[in-house]
Amino acid sequence: MACLLVIEASPRFENSTSRILTAQFVEKWTRAHPNASIVVRDLVRSNLKFVDLPWIRASFTPPDQLSPDLAAALTTSNTLIDEIVAADHIVIGTPMYNFSIPAVLKAYIDQIVRLGVTVSMAYEGMLKNKKATVILSTGGDFSPGAPFEAANVATAYLKQILGFIGITDVNVVLAGKTLTVDQGQTTLVDFVKQFDGAISAAAA
Ligand SMILES: Cc1cc2nc3c(=O)[nH]c(=O)nc-3n(C[C@H](O)[C@H](O)[C@H](O)COP(=O)(O)O)c2cc1C
């Protein structure tokens with residue numbers, strides 16, 4: 001049975017373009033994969049801790065030598081890794097913040113990138129045969145040829161880190177110019193319509 005992991009990172013909930021487009025992706029993906037299972041990891045509601053000293057100590061300690069305290073430091077990381085290991089397709093709906101990704105998404109990434117668990121000791125990604133779709137909402141325009149295209153660090157970073165853990169089949173849907181909604185030049189409904197083709201293709 002196919003499994004989709006849905007990762008959400010926008011705190012704007014019903015006004016969030018990335019959440020609306022991600023919901024449309026899930027609907028289309030589910031139609032293409034009946035009987036599939038869907039797991040939602042909402043990072044805004046997950047209250048993830050940042051990596052700290054016990055986490056670092058624990059992640060570099062052989063599993064059979066972990067004290068109960070050190071083992072506890074990896075509980076959340078283990079849960080998140082189990083979720084992504086079980087998934088065939090991962091969809092990440094995220095805003096661009098300061099040309100990069102929101103802190104909640106970076107906190108998630110720091111929890112799931114683990115030597116010997118998702119990356120081998122020879123630095124090879126261990127999560128094979130998975131696809132990822134990134135739906136990246138941006139206030140400005142970072143489309144090919146746009147003056148600020150190169151300032152979009154989010155796309156390059158997400159491709160880099162997903163590839164590092166073995167997920168190299170990554171499709172990015174760039175949902176740019178959300179400012180036009182916030183400034184009242186278009187409606188949320190009309191805005192999301194323009195990405196219908198890209199979302200359908202990604203979910204096929
Ligand atoms: C803290 C913060 C930083 C942002 N930084 C950028 C940015 O660097 N570039 C940009 O184009 N838009 C930026 N934006 C705008 C968001 O990317 C835009 O509103 C996007 O639609 C948010 O995603 P959402 O609609 O899913 O919430 C920023 C918004 C916030 C709140």
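Mentor: A residue is called buried under 20% relative accessible area, exposed over 50%, and partly exposed in between, using a 1.4 Å probe and the protein chains only. This is a predicted model, in which local features need pLDDT of at least 70 and side-chain atom pairs pLDDT 80 or more, while totals for chains, interfaces and linings use all residues. Numbering runs from 1 along each chain as its sequence is written, and side-chain values use heavy atoms, with hydrogens and water left out.

Now the ligand. It is surrounded by 16 residues, the closest being S10, R12, S16, S18 and T178; a residue belongs here if one of its heavy atoms lies within 4 Å. This shell holds five nonpolar residues, ten polar and one charged. In that count, Ala, Val, Leu, Ile, Met, Phe, Trp, Tyr, Cys and Pro are nonpolar, Asp, Glu, Lys and Arg are charged, and the others, including Gly, are polar.

An oxygen atom of the ligand lies 2.7 Å from a backbone N or O atom of M96. A polar backbone atom of G139 is 3.1 Å from a ligand nitrogen, and one of G140 is 2.7 Å from a ligand oxygen. The ligand taken alone exposes 630 Å², of which the protein buries 74%; these areas come from the Shrake-Rupley method with a 1.4 Å probe.

T178 sits in the loop between β5 (169-175) and α8 (179-182). Helices are DSSP runs of H or I with at least four residues, strands are runs of E with at least two, and both are numbered from the N terminus. T178 counts as buried because its relative accessibility is 6%. Beyond four places in sequence, T178 touches T17, S137, T138, G139 and F191, where a contact is heavy atoms within 4.5 Å.

T17 is also one of the buried residues of α1, as is S18.

For comparison, L105 lies in helix α6 (residues 103-112) and is buried, with a relative accessible area of 1%. It touches I7, A9, L43, I92, T94 and L158, leaving out residues up to four places away in sequence. N129, in the loop between α6 and β4 (131-137), counts as exposed at 78% relative accessibility. F99, in the loop between β3 (89-95) and α6, is partly exposed at 43%.

Notes
Polar contact = N/O pair within 3.5 Å; in protein donor to acceptor, adjacent residues only side chain to side chain.
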